[in-house]
Amino acid sequence: MAHKLPDLPYAKDSLEPHIDAETMRIHHDMHHNAYVNFLNAALEDHADLQEKSAFDLLVEFDSLPDAVKPAVQKHAGGHVNHSMFWTLLSANGGGEPSGALATEINETFGSFDDFKAAFSAAAGGVFGSGWAWLVVDGEGNLKITTTANQDNPVFTEGSLPIMGVDVWEHAYYLKYQNRRPEYLGAFFNVVDWDQVGSYLAMVRAGEKVIALSDWVAAKRARLEELLGSLTE
Ligand code: MN
């Protein structure tokens, strides 16, 4: 079963003026599509691996044949990262989170403004191409982290992303050129906090964000073991 480019869940011009239609077209139809095509090409001779989701390929990376590892790291990573990224944006986005997400952000970072400043600093500080993420780490805490290239936090540190921003120049150069901080401001105008809150709820419920696997169950079991040992 070949991997497929997911449709954007909205029209390409719907995020204007924050993110322009032409950037969305090139980013989704060309860049994301290329990750999907390269991933399928890399798995051509590996029928068993073709059945796995791109996320599971990252989770099970260590057990993959060496021959496919470089391509999986780049292109399964790119496929997963972009598939999630599109869902994080909405014409009705922006503002501040609410509910459990707001509570956790306030408890972890002090306030939403403190979180936004720390996240923007992390995203602005990525040297070259990469991503900044809000993740639930292996201990169950919210954390800001960054990755290079198309690495996903599940791959680099075993954290589950619930929100992330693409800071590759292809994500913003047409409209913002070298002004990455302006692009980050625009991102915060369209980020869909309800969706981020849904991802947090999925992680807290023991489901992973992109697709189901045993990975989160294993994490949860470890967390429950730890908590259990503290309360014995
Ligand atoms: Mn991108």
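## Confidence in the model

pLDDT is the predictor's confidence in each residue, on a scale from 0 to 100. What you're looking at is a predicted model, so local features are described only where pLDDT is at least 70 and side-chain atom pairs count only at pLDDT 80 or more, while totals for chains, interfaces and linings use all residues. Numbering starts from 1 along each chain, following its sequence as written.

On average, the chain has a pLDDT of 89, and 88% of the residues score at least 70. One stretch to treat separately is residues 210–217, where pLDDT stays under 50. For that stretch the model has 19 contacts beyond four places in sequence; a contact here means that the C-beta atoms of two residues, placed from the backbone, lie within 7 Å.

## The sheet

A quick word on names: helices (H or I, at least four residues) and strands (E, at least two) are DSSP runs, numbered from the N terminus. Strands count as paired if DSSP finds at least two bridges between them.

With that in hand, look for an open sheet of three strands in the order β2-β1-β3, with antiparallel pairing. Its edge strands are β2 (142–148) and β3, each of which pairs on one side only. Neighbouring strands in this sheet are turned by 25° against each other on average, direction ignored. Angles like this one run from 0 to 180 degrees between N-to-C directions, and the axes are lines fitted to C-alpha atoms, for helices over the stretch in contact.

Strand β1 (residues 130–136) has partners to follow on either side. Seven bridges join β1 to β2, and the two run antiparallel. Across that pairing, Trp133 has Thr145 of β2 as its bridge partner, and Val135 stands opposite Lys143 in β2. The hairpin of β1 and β2 has five residues between the strands, and Gly140 takes a positive phi near 90° there.

Strand β1 also pairs with β3 in the antiparallel sense, over six bridges. Here Trp131 has Asp166 of β3 as its bridge partner. How much of strand β3 is buried? Seven of the seven residues of β3 (residues 160–166) are, so the strand is largely enclosed by the rest of the structure. Buried means that 20 or more other C-beta atoms lie within 10 Å of a residue's own, exposed means 12 or fewer, and partly exposed is in between, with C-beta atoms placed from the backbone.

## Helices that meet

The axes of helix α5 (residues 99–109) and α6 come within 8 Å and cross at roughly 70°, so α5 and α6 are roughly perpendicular to each other. The contact brings together Ala102, Ile105, Asn106 and Phe109 of α5 with Phe112, Asp114, Phe115 and Ala118 of α6. For these labels, angles under 35 degrees are roughly parallel, over 145 roughly antiparallel, 65 to 115 roughly perpendicular, and the rest oblique.

Helix α6 also packs with helix α9 (residues 180–190), at an angle of about 135° and with their axes 10 Å apart. That makes α6 and α9 oblique to each other. Lys116, Ser120, Ala123 and Gly124 of α6 make this contact with Arg180, Pro181, Leu184 and Phe188 of α9.

## A pair of histidines

His31 sits in helix α1 (residues 21–42). Leaving aside neighbours within four places in sequence, His31 is in contact with Ile26 and His170. His31 and His170 are 139 residues apart in sequence, but 8.3 Å apart in space, C-alpha to C-alpha.

## Backbone details

Here are a few spots to check along the backbone. The peptide bond from Glu16 to Pro17 is cis, with omega near 0°, and Pro17 lies in the segment before α1.

Asn149 isn't a glycine, yet has a positive phi of about 55°. Asn149 is found in the loop between β2 and α7 (153–156) and, with 14 C-beta neighbours inside 10 Å, counts as partly exposed. Gln177, also not a glycine, has a positive phi of about 45°. Gln177 belongs to the loop between α8 (173–176) and α9, and counts as exposed with 11 C-beta neighbours inside 10 Å.
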